[in-house]
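Colleague: I am new to this structure and would like to learn how to read it. Could you take me through a few features, giving the general idea each time and then the case here?

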Amino acid sequence: MTRAEVLADDPIWLILIKVVVLFAFGVVMTLFMIWLERRVVARMQHRPGPNRVGPFGLLQSLADGLKLAFKEDIMPAKADKVVYFIAPVISTIPAFVAFSVMPFGGRVSIFGEQTYLQLVDLPVGVLVVLACSSLGVYGIVLAGWSSGSPYPLLGALRSAAQVISYEIAMGLSIVGVIITAHSLSTGDIVNAQANFELWGLKVNSFFIPLLPSFLIYVTSMVGETNRAPFDLPEAESELVGGFHTEYSSLKFALFFLAEYVNMVTVSAFSTMLFLGGGLFPFVGQDSVLNNGWLQFVWFIAKTFVLLFLFIWLRGTLPRYRYDQFMRLGWKVLVPVNLSWIVALVAVRQLRSAGWPLGPTLFFGAIAVLGLIALSFALPDREVPDDEYVPVTGGGYPIPPLDLEVPTETPKRRRQTRGSRSRRRAAVTAGQSASASQSQEGSNDGNV
Amino acid sequence: MHELLLAAGGPGPVSTGEAIAFWILGPVALAGGLGMIFSRNAVHSALWLVLTMLSLGILYMVQQAPFLGFVQIIVYTGAVMMLFLFVLMLVGRDSSDSVVEVLRGQRLWAAVLGVGMAGLVVGAVSRALTDVQTANLNGPNANGGIGNVANVGKLVFTDYLFPFELTSALLITAAVGAMILGYLDRHSKGTKHTQRELVEMRFRGEYARPGSLPGPGVFATANSVATPALLPDGSVSGESLSRLIDTTASEELSGDVTSVAGSGVAPDAHALVPGADRSETEENR
């Protein structure tokens with residue numbers, strides 16, 4: 001029986017258990033991720049971080065969540081009541097729905113019932129995740145619009161543009177995986193990676209042969225979840241809090257929940273697409289290390305590596321400027337991705353036509369290098385050479401912005417050369433001193 | 001309607017689950033369509049349309065076409081409607097429809113074309129319900145035995161390659177057209193200057209002054225724009241006062257004046273106590 005058939009045979013009680021566990025998993029991961037993020041970023045900044053509530057401060061985010069629930073729920077006077085109310089719900093539900101297609105583990109037996117650690121295995125599983133992420137944007141956009149205030153609106157517009165642009169790069173990076181795995185189903189993609197060998201080694205993952213796709217996916221998933229360094233929709237230095245400025249209490253908590261669940265979703269998705277899902281590398285699918293429950297452990301471990309990357313980026317990189325961010329998305333990620341897909345298809349087609357891979361790649365690389373060399377031979381766009389020297393309103397020339405003040409004037413240099421012959425022995429010891437003296441002298445002269 | 005569906009259902013009857021889904025999603029889709037037409041606010045209209053599209057997408061999934069269903073959600077709901085919303089939000093939230101006829105004869109033509117469109121739809125649907133033999137998409141042997149997704153992919157890239165490419169050519173034409181309409185050549189004369197060019201022009205004396213105007217005086221006691229900046233010798237800088245404020249009646253600025261002078265109401269710890277008399281405070285403001 002295939003994975004989809006086994007999952008379709010699940011009794012109702014097992015499906016209910018899985019649904020409840022998935023929901024609990026999302027909530028617990030959110031609480032844990034908030035704590036982990038605060039602790040790790042604190043460690044990177046040489047401070048302790050939350051350490052009061054519970055062991056190692058583990059219950060801090062639970063306490064914060066409880067506090068949020070008891071805060072006053074404010075509805076702005078100019079808000080669009082209905083839309084303002086449903087926006088946080090719209091952003092939270094798709095985040096959880098995307099979990100349903102994640103293949104968390106292998107085949108296990110729960111209370112004597114054979115099943116997989118996955119809720120459903122649709123033939124279009126990958127599209128479910130994309131659809132959920134595109135619906136999640138509505139929550140953000142509607143929240144910003146319905147608040148009836150300029151900062152949230154600006155944040156929402158930024159966010160809409162950002163998520164749509166980065167969804168294109170994300171969708172294109174998935175194409176490489178689909179071409180290699182011959183399927184859109186999440187379970188089949190993991191199975192395809194189980195049989196993947198590279199130079200006789202069972203790597204059990206796609207990220208080495210599909211490295212460009214993987215790197216683009218990782219970049220675009222940060223943009224897709226509105227996280228630093230791409231957190232422009234909620235840039236606190238520019239937009240107060242972005243789309244959720246006007247929100248408080250549980251509605252605000254729902255946005256927080258959605259953001260962190262989205263982070264977990266895209267990390268788990270990336271694990272499934274590129275890192276081999278729950279498969280342990282270097283061993284076969286029938287190894288002890290790859291039994292159903294252990295696969296769940298490996299899956300979570302791989303997901304946490306990516307989640308740590310999110311935190312690491314946030315602790316390290318400054319926020320992008322908006323135009324730089326858009327340029328990266330449209331002018332770098334999308335074209336690189338398209339040419340990579342064409343190259344991938346070409347290599348696959350040539351291999352199936354019986355061409356040897358090594359020489360093909362070699363001559364292909366030579367052809368690409370030749371094209372690059374040819375592009376250097378093309379004449380550049382002519383830069384208009386203007387002769388004018390900028391002057392002030394009073395008619396004096398303006399010094400250029402990158403002016404370097406010479407440390408020595410020609411006159412001073414002639415003088416020091418004359419005296420150097422007399423006191424050559426003292427030059428090495430007093431060189432820096434005399435240089436700074438001459439600089440002061442020249443400054444005096446200018447004044 | 002249900003009986004019609006049953007009658008038209010070629011191989012195999014409509015299952016209970018499908019019937020339930022239809023009777024829930026059908027009214028929802030219809031409500032979405034009506035809501036889109038009758039709501040006064042443009043963003044609400046767009047949201048009703050999203051509801052209709054989502055219900056249609058789920059109906060496709062129920063009818064064993066999951067690829068079509070999810071593509072409907074991703075492309076129409078996720079991309080097309082999002083762009084619509086994007087534009088509507090820029091228009092402003094309080095702008096409502098105007099009932100004035102801008103184009104001459106618009107209503108007449110709208111009515112004629114609307115009736116024609118309705119006739120076409122009714123004709124197509126009635127034919128679909130009576131003449132067309134439905135193909136069963138369910139089961140392992142349906143769809144040529146390789147499943148819905150693989151079959152759709154195969155057909156798009158073989159039999160329907162030319163229409164598919166034509167569609168993409170249409171979309172690219174639209175995108176390129178929009179780019180040309182919106183493109184501004186920065187290198188040609190008479191267009192927007194860069195930041196650097198502006199700085200140089202300012203220093204060349206092409207503007208009234210090289211820097212920006214001095215801001216208002218912000219002191220510990222006031223942050224009003226009506227507060228003038230003081231020059232180093234203590235005199236008031238006339239440039240720091242907005243012309244708008246000069247023309248404002250002095251009563252409107254009296255609050256700011258009292259707060260700068262320090263003769264206004266000081267913060268009162270009893271202000272938060274319920275029952276405290278605050279009418280005095282109100283009067284002073």
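Modeller: Let us begin with a term: a salt bridge is a side-chain nitrogen of Lys or Arg within 4 Å of a carboxyl oxygen of Asp or Glu. Between chain B and chain A the count is zero salt bridges. A word on the basis: this is a predicted model, where local features need pLDDT of at least 70 and side-chain atom pairs count only at pLDDT 80 or more, while totals for chains, interfaces and linings use all residues. Residues are numbered from 1 along each chain as its sequence is written, chains are lettered from A in the order in which they are written, and side-chain values use heavy atoms, with hydrogens and water left out.

Colleague: How many residue pairs are in polar contact between chain B and chain A?

Modeller: A polar contact is a pair of N or O atoms within 3.5 Å; within protein, one must be able to donate a hydrogen and the other to accept it, and residues adjacent in sequence count only if both atoms are side-chain atoms. Between chain B and chain A there are two such residue pairs, both at pLDDT 80 or more.

Colleague: Which residues make up a contact between chains, and how many does each chain give?

Modeller: Contact means heavy atoms within 4.5 Å. Here chain A gives 34 residues and chain B gives 28 residues.

Colleague: Now a single residue. Is A:E259 buried or exposed?

Modeller: Buried means under 20% relative accessible area, exposed over 50%, and partly exposed in between (1.4 Å probe, protein chains only). With a relative accessible area of 15%, A:E259 is buried. Not counting residues up to four places away in sequence, A:E259 touches A:T225, A:R227 and A:E234. Its side chain makes a polar contact of 3.4 Å with that of A:R227.

Colleague: And where is A:I311?

Modeller: In helix α11 (residues 292–316) of chain A; helices are DSSP runs (H or I, at least four residues), numbered from the N terminus, and strands are runs of E, at least two. A:I311 is buried, with a relative accessible area of 0%. Beyond its neighbours within four places in sequence, A:I311 is in contact with A:M33, A:L36, A:E37, A:V40 and A:V41.
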